Amino acid sequence: MLEELTNAAKAENANEELLVRASKLIAKLKSEREVQQRIAECSTLCELSSFKDAEGKEGLPSWAPDTDAFEEFHEDYKKVVNQADQDEISKELMAASLEQLAKIEHLIVEKKQLEEEMKLKANKKKKKM
């Protein structure tokens with residue numbers, strides 16, 4: 001609705017300063033919504049202290065088991081947070097998202113380590129046979 005009003009105001013040659021303020025507010029609100037969506041999407045994953053705890057856990061995001069998809073989500077989340085920082089979202093929301101990003105990054109690193117360990121063990125078993 002705010003976007004429609006801003007567009008109508010532009011069409012009517014409204015005060016440029018007010019149009020700039022409205023555009024900034026729209027960007028801030030969109031960024032806050034996107035960050036809130038990301039926070040909600042990975043909240044169950046961020047409850048884990050270790051990726052080992054993910055096995056058998058229900059309610060995890062669909063991308064969590066696939067390392068590539070997990071990394072893609074993480075990269076996308078970082079882009080959203082960078083844009084949100086430029087759009088000057090609330091400090092509380094920014095702090096929550098940065099905390100989650102750190103947890104997610106830790107989980108990705110741990111997941112990759114576990115996968116490498118499993119590959120090494122599998123290779124050792126093959127060599128013994």
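Predicted model: local features only at pLDDT ≥ 70, side-chain atom pairs only at ≥ 80, totals over all residues.
Residues are numbered from 1 along each chain as its sequence is written, and side-chain values use heavy atoms, with hydrogens and water left out.

Lys111 is located in helix H5, residues 91-128; helices are DSSP runs (H or I) of at least four residues, numbered from the N terminus. The Lys111 side chain reaches the backbone oxygen of Pro65 at 2.8 Å. Lys111 counts as buried because its relative accessibility is 7%, the cut-off being under 20% relative accessible area with a 1.4 Å probe and protein chains only.

His74, in helix H4 (residues 67-86), is likewise buried, at a relative accessible area of 4%. Apart from neighbours within four places in sequence, His74 contacts Leu101, Ile104, Glu105 and Ile108.

Helix H5 also packs with H2 (residues 16-41), at an angle of about 40 degrees and with the axes 10 Å apart. The axes are lines fitted to C-alpha atoms over the stretch in contact, and angles run from 0 to 180 degrees between N-to-C directions. H2 and H5 are therefore oblique to each other, a class left after angles under 35 degrees (roughly parallel), over 145 (roughly antiparallel) and 65 to 115 (roughly perpendicular). Glu32, Val35, Gln36, Arg38 and Ile39 of H2 meet Leu93, Ala96, Ser97 and Gln100 of H5.

Technical notes. Helix = DSSP H or I, 4+ residues; strand = E, 2+ residues; numbered from the N terminus. Buried < 20%, exposed > 50% of the residue type's maximum accessible area, 1.4 Å probe, protein only. Polar contact = N/O pair within 3.5 Å; in protein donor to acceptor, adjacent residues only side chain to side chain. Contact = heavy atoms within 4.5 Å.
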